Amino acid sequence: MCAYVLIAEDDELQAEVLRRYLEADGHRAAVVHDGQAALDHALRTAPDLLVLDVMLPVLNGLQVCRRLRQHSAVPVLMLTARTEEEDQLVGLELGADDYLTKPYSPRVLAARVRSLLRRATAAPDPRGIRRVGPLTVDPGRHEVTVAGRRVECTRGEFAIIEAMSGQPERVFTRNQLLEVSNGLDRSSTRRAIDVHILNLRRKIEADPQQPELLVTVYGVGYKLTGGR
């Protein structure tokens with residue numbers, strides 16, 4: 001899968017390492033070193049994916065993400081320092097699709113890029129049916145199945161699993177899932193989201209104590225995967 005990836009990283013050595021890894025993976029890559037340049041370049045060239053460091057000069061990565069989302073749905077992989085958990089949460093709330101904490105392996109970053117690109121370019125089922133590993137979500141019929149087994153969901157549970165199945169591997173914060181469920185129940189709380197997740201795990205996981213489909217991203221939220 002050849003894609004055009006924009007790297008926004010003020011550490012020139014790190015940016016060059018990332019560029020080489022991504023080009024070795026078959027992509028075209030461009031590098032900018034400040035947030036304003038990242039925003040301008042992204043709006044002008046419409047890259048297939050943006051690798052965005054939080055700690056950028058001029059405009060930081062969070063400001064770039066906020067402004068970019070007003071005009072573009074380009075997938076964003078945000079890079080954060082290990083101690084900046086709040087940046088991870090805010091970045092995801094602003095529309096980042098995934099995050100990676102520093103220090104990280106360039107090989108891991110390249111794998112995350114491949115995953116985001118697959119998600120972004122996957123052809124949708126014309127009937128709107130979502131398939132994530134053994135899980136199938138049919139919004140039209142309001143049905144969920146796991147390996148062909150029908151799963152009964154409450155309205156809140158279905159709203160959550162429907163939203164997450166539309167963007168597998170994306171990390172959803174509790175606030176984002178709360179917005180989904182609030183359309184059904186204005187009294188929902190962040191704690192209610194955890195309860196919905198626990199109930200869904202009991203219904204879709206082979207072992208709810210060791211979830212492989214609906215997994216926790218500690219300190220951030222949850223994501224839906226295809227399993228191991």
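A search of the whole structure returned zero aromatic pairs, a pair being two rings of Phe, Tyr or Trp (its six-membered ring) with centres within 6.5 Å. The structure is a predicted model, in which local features need pLDDT of at least 70 and side-chain atom pairs count only at pLDDT 80 or more, while totals for chains, interfaces and linings use all residues. Residues are numbered from 1 along each chain as its sequence is written, and side-chain values use heavy atoms, with hydrogens and water left out.

The charged end of R170 lies over the ring of F172, 5.0 Å from the ring centre; this assignment requires CZ of Arg or NZ of Lys within 6 Å of the centre and within 35 degrees of the ring normal.

Helix α3 spans residues 61-68, and G61, L62, V64, C65 and L68 are buried in this helix (under 20% relative accessible area, 1.4 Å probe, protein chains only). Viewed down the axis of α3, these buried residues fall within an arc of 160 degrees and so line one face of the helix, the arc being taken from the directions between the helix axis and the C-beta atoms. Helices are DSSP runs (H or I) of at least four residues and strands (E) of at least two, numbered from the N terminus.

V32 belongs to strand β2 (residues 28-32) and is counted as buried because its relative accessibility is 9%. Beyond neighbours within four places in sequence, V32 contacts L6, I7, A8, E9, A37, A38 and H41 (heavy atoms within 4.5 Å). T80, in strand β4 (residues 76-81), is likewise buried, with a relative accessible area of 1%.

Technical notes:
Rings of Phe, Tyr and Trp (its six-membered ring) pair if their centres lie within 6.5 Å; planes under 30 degrees apart count as stacked, over 60 as edge-to-face and the rest as tilted. Buried means under 20% relative accessible area, exposed over 50%, partly exposed in between (1.4 Å probe, protein chains only).
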